[in-house]
Number of protein chains: 2
Amino acid sequence: MTSGEFELIGRIHERARAGLGAPPEGQTWIGDDAAVLEGGLLVATDTLVEGVHARLDWCGPEAFGWKALAVNLSDVAAMGGEPVAAVVALTLPPGSGDLGDGVMAGLLDAATTHRCPVVGGDTTSGPALVVTVTVLGRAPATGAVLRSGGRPGDAVMVTGPLGGPAVAVAALLEGTAPAAASAARLHRPVPRLAEGALAAGAGATAMIDVSDGLAADVGHICERSGTGVELHGGSIPLGPGASLADALGGGDDYELVVCAPDPTRVAGAFTAAGLTAPVVIGHLTEGPARLLDGARLPASGWRHEVS
Amino acid sequence: MTSGEFELIGRIHERARAGLGAPPEGQTWIGDDAAVLEGGLLVATDTLVEGVHARLDWCGPEAFGWKALAVNLSDVAAMGGEPVAAVVALTLPPGSGDLGDGVMAGLLDAATTHRCPVVGGDTTSGPALVVTVTVLGRAPATGAVLRSGGRPGDAVMVTGPLGGPAVAVAALLEGTAPAAASAARLHRPVPRLAEGALAAGAGATAMIDVSDGLAADVGHICERSGTGVELHGGSIPLGPGASLADALGGGDDYELVVCAPDPTRVAGAFTAAGLTAPVVIGHLTEGPARLLDGARLPASGWRHEVS
């Protein structure tokens with residue numbers, strides 16, 4: 001996301017409130033991974049544009065479709081929720097042959113894998129491949145885990161290695177072959193649905209998925225929770241060939257950042273379910289300072305762009 | 001919608017069922033104006049692409065945004081439902097200045113007018129203005145009105161004049177000024193939410209909104225209901241300067257076609273609410289023939305294209 005986009009979203013938020021008021025108690029509208037509506041209904045929407053967020057010549061149509069659904073499921077995971085259904089709006093260039101079939105094959109593969117029925121959609125023609133998916137989800141019985149619930153002292157954890165996709169993008173831009181594991185993470189990210197639900201059940205106070213880079217995404221939690229953060233660089237798990245800078249500023253990782261007062265409880269829930277425990281990488285502070293090994297955490301975000 | 005799009009949707013439908021099975025009892029997935037999920041939750045998604053479905057040089061950014069939400073609200077209206085919330089995915093060309101603000105101002109105007117809070121979204125950059133809106137709605141207590149519920153003998157009604165937007169597009173393509181009323185219908189369609197809800201409460205068995213042209217949209221009802229239809233050309237209300245062909249094959253009208261066994265009851269509900277009664281234009285038959293004044297009804301649909 002570019003800074004212009006952040007500003008536009010801020011203005012949209014203000015105008016939406018001016019026209020329609022604030023959300024009722026218990027609901028969260030603009031500003032989290034997904035909106036939370038009545039009855040714990042979750043809604044997230046995300047667009048992939050060919051040549052901007054993904055390149056067909058790098059990933060092929062099936063992975064493009066997979067990713068279009070997966071990044072939305074990742075938003076539901078970051079609320080601790082489970083998917084209910086998805087709708088797909090597919091814009092295809094004229095004369096693109098069976099491109100739409102390939103994209104939908106990959107998308108439906110992700111839908112079947114993650115038990116998220118595709119219940120509707122729209123197909124249109126346009127100047128480029130654009131896929132917008134909207135996913136509906138159900139918050140956990142204990143309530144959706146928001147960005148805003150973090151408290152000073154909470155452990156900050158991450159569910160897996162970061163930076164691999166950023167290294168893969170750099171390799172592809174240079175025309176060299178990326179590490180297979182990192183290319184797979186870039187092209188076919190796996191939404192951390194089980195991890196998000198387990199963390200929610202184990203007392204997570206705030207979560208976000210790492211799409212804009214760890215520094216930016218942890219920053220979103222700090223901003224909404226009114227906390228600072230202190231991260232330990234040496235604890236941050238890195239993907240193959242990734243530097244700390246790749247992890248902090250890269251993005252497209254789709255791992256979850258989990259804040260919780262009792263990291264042992266979260267780790268126990270993960271290991272009891274046969275999953276690798278999340279890694280503690282720091283803790284939230286009274287703030288407002290955001291620190292990495294005692295120095296100021298750079299705030300830069302990933303632009304999700306591939307050209 | 002082009003025939004290629006219909007075919008792609010058919011293949012998507014088949015594959016979605018293969019991977020994820022048929023909807024549970026009481027739910028309707030792909031194939032109606034909106035999907036119907038558990039608890040009567042409605043979901044509709046529609047995309048407007050600049051230069052394909054609407055042209056900024058004809059309508060301006062605000063009307064573009066209005067229409068992007070309105071066409072989705074029209075889908076909720078066609079189920080007899082009321083809107084709950086919307087999410088917006090906005091793709092903007094690089095360097096488009098305040099285009100996004102203009103589009104969102106019009107969209108939020110429609111949202112405020114029709115009490116549909118915008119609860120989330122995504123902004124991205126891409127090669128053209130593309131706006132995908134997903135609207136959530138609530139079905140009436142008596143259940144969503146599907147395309148499939150029509151029965152032989154039901155009166156076929158329409159809530160307003162047709163063909164005006166098709167005439168306006170033709171004028172704009174020729175470089176002449178369209179009739180103001182038709183241009184307004186084309187650029188800022190008004191979703192028939194009150195009408196849809198009243199019809200649902202007055203025994204409507206099937207509904208659809210007229211987006212692809214009357215012939216194609218009535219055909220969708222016949223196909224899903226397993227009926228034929230007999231229409232009376234002289235009864236079909238026409239917009240300013242519109243011919244019967246404009247009404248049948250034009251589209252972009254966003255009036256509702258309502259099928260109901262008791263048209264007097266529907267008319268009474270409308271007039272009691274201060275609305276103009278819908279016009280009876282024919283009736284459903286045992287089928288399968290689709291007739292206009294005794295001759296075969298042409299099946300052609302509108303392509304929603306403006307260039």
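Helices and strands here are DSSP runs, numbered from the N terminus. The model is predicted.

**The interface between the chains**

Chain B and chain A meet through 56 residues of chain B and 56 residues of chain A. About 4,500 Å² is buried between the two chains. Carbon and sulfur atoms give 67% of that area.

The rule finds 2 salt bridges across the interface of chain B and chain A. A salt bridge joins the side chains of A:E38 and B:R138, at 3.9 Å from N to O. Residue pairs in polar contact between chain B and chain A number 5, with both partners at pLDDT 80 or more.

Which elements of chain B supply at least two residues each to the side that touches chain A? They are α1 (3-20), β2 (41-49), β3 (82-92), α3 (99-113), β4 (118-125) and β5 (130-138). Of these, α1(B) gives the most, with 9 residues. By type, the residues on this side of chain B divide into 31 nonpolar, 15 polar and 10 charged.

Now to chain A. Strand β2, residues 41-49, has 9 of its 9 residues buried, so the strand is largely enclosed by the rest of the structure. Both faces are covered. On one side lie A:L41, A:V43, A:T45, A:T47 and A:V49, all buried. On the other lie A:L42, A:A44, A:D46 and A:L48, also all buried.

β2(A) pairs with strand β1 (residues 35-36) and with strand β5 (residues 130-138). The table sets out both pairings.

| Partner of β2(A) | Sense | Bridges | Residues standing opposite |
|---|---|---|---|
| β1(A), residues 35-36 | antiparallel | 2 bridges | A:V36 and A:L42 |
| β5(A), residues 130-138 | antiparallel | 9 bridges | A:A44 and A:V135 |

β1(A) and β2(A) form a hairpin, with 4 residues between them. A:G39 sits in the turn and has a positive phi of about 75°.

A:Y254 has a phi near 60°, a positive value in a residue other than glycine. This tyrosine lies in the loop between α8 (244-249) and β9 (256-260) of chain A. Is A:Y254 buried or exposed? The cut-off for buried is under 20% relative accessible area. A:Y254 has 6% relative accessibility, so A:Y254 counts as buried.

In chain B, B:D252 has a phi near 65°, again positive in a residue other than glycine. B:D252 is in the loop between α8 (244-249) and β9 (256-260) of chain B. Its relative accessible area is 3%, so B:D252 is buried.

A:E286 belongs to the loop between β10 (279-285) and β11 (290-292) of chain A. Exposed means over 50% relative accessible area. A:E286 has 67% relative accessibility, so A:E286 counts as exposed.

Which residues does A:E286 contact, leaving aside its neighbours within four places in sequence? They are A:P152, A:G226, A:T227 and A:G228. A:T227 is 59 residues away from A:E286 in sequence. In space, the two are 5.3 Å apart, C-alpha to C-alpha.

Methods. Residues numbered from 1 in each chain as written. Chains lettered and ligands numbered in written order. Predicted model: local features only at pLDDT ≥ 70, side-chain atom pairs only at ≥ 80, totals over all residues. Heavy atoms only, no water. Buried < 20%, exposed > 50% of the residue type's maximum accessible area, 1.4 Å probe, protein only. Contact = heavy atoms within 4.5 Å. Buried area = accessible area lost by both parts, 1.4 Å probe. Salt bridge = Lys/Arg side-chain N within 4 Å of Asp/Glu carboxyl O. Polar contact = N/O pair within 3.5 Å; in protein donor to acceptor, adjacent residues only side chain to side chain. Nonpolar A, V, L, I, M, F, W, Y, C, P; charged D, E, K, R; others polar. Pairing = 2+ DSSP bridges.
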